[in-house]
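Hi there,

Here is the model I promised to pass on. Have a look at it first, and then read my notes below.

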Amino acid sequence: MRLLSATEEYTEAAKKSFRSYAQSLLRTQTEELLIIDSKGSLLHRFSLSLTPDMDDALGTIIEPVQPGWFSKTILENKRIGVAFTFDPLGWTILVTETNDHYFSAVKEIIYFQILILLVAIVFASCIIMLYVVHVSRPVEHLASTIEDIAKTHNLSHRATVEDSDEIGFIAKRFNNMISTLQVYQDQVKRTSLAEITSRKQAIRSELETLYLLGRVSDFRDEQTGDHQNRISLLTALFCQLLNFDLQKQEIIMNASRLHDIGKIAIPDSILLKKVSLTEEEFEIIKTHTTLGKDILKSSMSETLVEAAIIAYTHHEHWDGSGYPQGLKKEDIPLTGRMVSIVDVFDALISTRPYKTAWSIDRAKEYLVEKRGSQFDPELIDLFISNFPRFTALLTSNSHY
C-alpha cells in the first residue's frame, strides 16, 4: 500500500494548499513563494504577477537554502526571505522578496525620519534664532550705548531696558551707574569752570598789576608812558607776518609789554640821567633784564613765562655782543629777537631824557646798518619789507 504522501492526489492537494497560502501571504507584485524539492529543483513558483503557464523557470536548480532568514541571489535576482521545510513531501518552502523592494520600505522609513529630523532641526534653529535675537538685541543696544558714550563722552545716553531678565537687570544697573557718573561729571565741569574762571581772573589781575608796574617804568624813562603799548602792537604785527596762530599772537603781544619791567628797580639817578652813563652805571642799567626775568619767572601763566624770556633776552645781539648772556644767532629766542628790533626802533624815534628823537628814515637806516650784527638779518628784512605797516602803527598810536 502506498503512503499518502506519495500519492499524486496528496501532492496536488498540497500544491493547491500552498497556492491558497501564497495568495493570502503575498502582498506585492515582487513577492514570490518558491517550492524546491529535495534535489534543489524548482517545483512551483507562486506570485501575484505570474500564472503557472507563464512560468518558464520551473525545473531550475536552486542552491540549497537552510531554514530561517536568508539573503541570496535566486533566479538572477537578489532576494531576501525566510525558508522552512515541508517534510511530508521533502520540500523547502521559500517566501521571498526582492532586496530593492524589501529595503525600499526601510529607505522610506529612513527618508521619512531624515525629513522629520530636518524639519526638527529647522524648527529648532528658528526657535534658537528667535531666542538669540531676543537675548542679543538688548546686549547690542547696551553695547551700542557704551560705544556712543565712549565716542562722544556724552553721558546723557541710556541703554534700552526691554525685559526684566538678567540683561534688563544689567541695563538698569548700567543706566544707574551712568546717571551717577553724569552727576559727578556735571560737578567736575562746574568745579573746573570755576577753577578756570578763577585762574583767568588771577592771571588777569597779575597781568594788570604788572602792566601798571611796567607803565610806571615807562613814565620814568620816557615822556608819554606809551612805550609798552607801542612795543606790544609792533610785536603783534611781527607775529602776524610770521603766521603765528591767534593764541600765540595774543600771548606774545601781551608778554612783550613787560620787556622793561625790570627798570622799576633801577634808580632814577641812573634811569633819568641826561648825560652819558659811566661804565658802572651802565652795568646797573643792564641788570634790568635779569631783574625782569626774576620778577616774572615764577608764574604759571604762559604769558608771563614768555614775558620772562623776552625781558631776559631782548638786549642780546645776533653776533653775541649783547647782554646779559652774550647769546648768538638762533640761540637767542625768536621773541627776544623780534622785541629787540621794535624796542630799538621805537627808542630811536622817541624823545628820552638823554636824547632827542630821531627821524623815522634815520632810524630805518640804523636798523639796516646793524643787520647781521645786532639784529637777526631775516627779521630785519621782514621788518623793512613791511616798513610802512610798522610805521603806520606807530603814527596812529603815539605822539609822533
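Let me begin in the sheet: Ser 71 sits opposite Ile 80, a residue of strand 4. Please keep in mind as you read that this is a predicted model.

**The strands**

Strand 3 (residues 68–74) and strand 4 (residues 77–86) run antiparallel and are joined by seven bridges. Besides Ser 71 and Ile 80, another facing pair is Trp 69 with Val 82 in strand 4. The hairpin that these two strands make has two residues between the strands, and Leu 75 there takes a positive phi near 55°. Glu 76, in the loop between strand 3 and strand 4, also has a positive phi, near 65°, although Glu 76 is not a glycine. For context, most residues other than glycine have a negative phi. Is Glu 76 buried or exposed? With a relative accessibility of 78%, Glu 76 counts as exposed.

On to the next pairing. Strand 4 is joined to strand 5 (residues 91–98) by eight bridges, and the two run antiparallel. Here Ala 83 faces Leu 94 of strand 5. This hairpin has four residues between its strands, and Gly 90 in the turn shows a positive phi of about 70°.

Zooming out, the sheet is open and has five strands in the order 2-1-5-4-3, with antiparallel pairing. Which strands lie at the edges? They are strand 2 (42–47) and strand 3, each of which pairs on one side only. From one strand to the next, the twist averages 30°.

**A pair of helices**

For helix 7 (residues 279–296) and helix 8 (residues 302–313), the axes come within 7 Å and cross at roughly 170°. Angles over 145 degrees count as roughly antiparallel, so helix 7 is roughly antiparallel to helix 8. On the helix 7 side, the residues in contact are Thr 289, Thr 290, Gly 292, Lys 293 and Leu 296. From helix 8 they meet Leu 304, Ala 307, Ala 308, Ala 311 and Tyr 312. By type, the residues of this contact divide into six nonpolar, three polar and one charged.

**Some single residues**

- Asn 254 belongs to helix 5 (residues 246–256). Its relative accessibility is 17%, and the cut-off for buried is under 20%, so Asn 254 counts as buried. Leaving aside residues up to four places away in sequence, Asn 254 touches Tyr 211 and Thr 303.
- Arg 137 is part of helix 2 (residues 99–152). With a relative accessible area of 32%, Arg 137 is partly exposed. Its C-alpha atom is separated by 9.8 Å from that of Thr 160, which is 23 residues apart from Arg 137 along the chain.
- Asn 243 is placed in the loop between helix 4 (227–241) and helix 5. Its phi is near 60°, again a positive value in a residue other than glycine. At 68% relative accessibility, Asn 243 counts as exposed.
- Pro 324 lies in the loop between helix 8 and helix 9 (334–348). As a reminder, most peptide bonds are trans.

The protein chain holds 12 helices and five strands. Of its 400 residues, 38% are buried. Among contacts with a separation of 6 or more, 52% are between residues 24 or more positions apart.

On confidence, the chain averages a pLDDT of 81, and 88% of the residues score at least 70. Where is confidence lowest, and where is it highest? It is lowest in helix 1 (residues 8–25), with a mean of 73, and highest in helix 11 (residues 377–385), at 95. Over residues 1–5 the pLDDT stays under 50, and the model has six contacts for this stretch beyond four places in sequence.

That is my tour; happy to talk any of it through.

Best wishes

How values were computed:
Residues numbered from 1 in each chain as written. Predicted model: local features only at pLDDT ≥ 70, side-chain atom pairs only at ≥ 80, totals over all residues. Heavy atoms only, no water. Axes fitted to C-alpha atoms, helices over the stretch in contact; angles between N-to-C directions. Parallel < 35°, antiparallel > 145°, perpendicular 65-115°, else oblique. Contact = heavy atoms within 4.5 Å. Nonpolar A, V, L, I, M, F, W, Y, C, P; charged D, E, K, R; others polar. Pairing = 2+ DSSP bridges. pLDDT = per-residue confidence, 0-100. Buried < 20%, exposed > 50% of the residue type's maximum accessible area, 1.4 Å probe, protein only.
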